[in-house]
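Here is a short report on a single protein chain. It covers ring contacts, strand pairing, a surface patch and charge pairs.

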Amino acid sequence: KEYIDFLHEEFADMVAKGQWVVLPAAEVLDLPGLRVSPPGVVPQEGRRPRTIVDYSFSDVNEETLPLAAMEAMQYFGHALDRLLREILLADPRHGPVYMMKVDLSDGFYRICLNIDDIPKLGIVFPSKVPGEQLIAFPLVLPMGWKNSPPIFSSFTETADLANARCLSAQ
């Protein structure tokens, strides 16, 4: 209950960005493959909390097939090292290296989901109206789904390889 206002603010922002949709439960209960999991909030020291979903609650994580290339995970968690390496190795003839925080934040929320996965990743959305039942659905990789890190890593590794190939072709 202590984070209901935070969840409403967070989801209002994510809905406005096209990352999630929130629908009346009565309208979606017949969706094929529907799973509903609880949301959670992880407090962060000195920063705003982080929203996460417990997809183990509805066995989504246990039943998810690991389709993304697990080899891409070898660099996951080493983003700062990779960025610093790129800055260090940048050709000074091209001028200074500029980076935007938007490029680095909320990476999961930049990769769209397969439409067939969306009903499996629903969450109970806390309503402020008594008796109103809502379900939120991600349209992008959600925090808490076991496939999000390997899919994100595969995506970024593919982008890195494409960038390297384009640069070498010049």
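Start with Tyr3. Its relative accessibility is 23%, so Tyr3 counts as partly exposed. The model behind this value is predicted.

**Aromatic pairs**

A pair of aromatic rings is described by the distance of the centres and the angle of the planes. The count here is 3 aromatic pairs. In one of them, Tyr3 meets Phe6 with ring centres 6.5 Å apart and planes at 75°, so the pair is edge-to-face. Phe6 has a relative accessible area of 14%. That is under the 20% cut-off, so Phe6 is buried.

The rings of Phe11 and Phe125 also pair. Their centres are 5.1 Å apart and their planes stand at 70°, so this pair too is edge-to-face. The two residues come from distant parts of the chain, 114 residues apart. Phe11 lies in helix 1 (residues 4-16), while Phe125 lies in strand 5 (residues 122-125).

Strands of a sheet pair through backbone hydrogen bonds, either parallel or antiparallel. Here 4 strands form an open sheet in the order 1-6-5-2, and the pairing is mixed. Which strands sit at the edges? They are strand 1 (20-24) and strand 2, each of which pairs on one side only.

Strand 5 pairs with strand 2 and with strand 6. Strand 2 (residues 36-37) runs parallel to strand 5, and 2 bridges join them. Strand 6 (residues 134-138) is antiparallel to strand 5, with 3 bridges.

Ser37 stands opposite Ile123. Ala136 in strand 6 also stands opposite Ile123.

**A nonpolar patch**

Which residues make the nonpolar surface patch of about 330 Å²? They are Leu84, Ile87, Val97 and Met99. Ile87 is placed in helix 4 (residues 79-89). Its relative accessibility is 39%, so Ile87 counts as partly exposed. That value is over the 30% that a patch residue needs.

**Salt bridges**

Side chains of opposite charge can pair when their charged atoms come close. The count is 5 salt bridges.

| Salt bridge | N to O distance |
|---|---|
| Asp13 and Lys17 | 3.1 Å |
| Arg93 and Asp91 | 2.5 Å |
| Asp117 and Lys120 | 3.4 Å |

Now the accessibility of the partners. Asp13 has a relative accessible area of 36% and is partly exposed. Arg93 reaches 74% relative accessibility, so Arg93 counts as exposed. Its partner Asp91 is partly exposed at 24%. Lys120 is partly exposed too, at 37%.

**Reading the parts together**

Phe125 ties two of these topics together. Strand 5 itself is joined to strand 2 by 2 bridges and to strand 6 by 3 bridges.

Key
Residues numbered from 1 in each chain as written. Predicted model: local features only at pLDDT ≥ 70, side-chain atom pairs only at ≥ 80, totals over all residues. Heavy atoms only, no water. Phe/Tyr/Trp six-rings, centres within 6.5 Å; stacked < 30°, edge-to-face > 60°. Buried < 20%, exposed > 50% of the residue type's maximum accessible area, 1.4 Å probe, protein only. Pairing = 2+ DSSP bridges. Patch = residues over 30% accessible without salt bridge, like charges linked within 9 Å, V, L, I, M, F, W, Y side chains within 5 Å. Areas by Shrake-Rupley, 256 points an atom, 1.4 Å probe, with all protein chains shown as cover. Salt bridge = Lys/Arg side-chain N within 4 Å of Asp/Glu carboxyl O.
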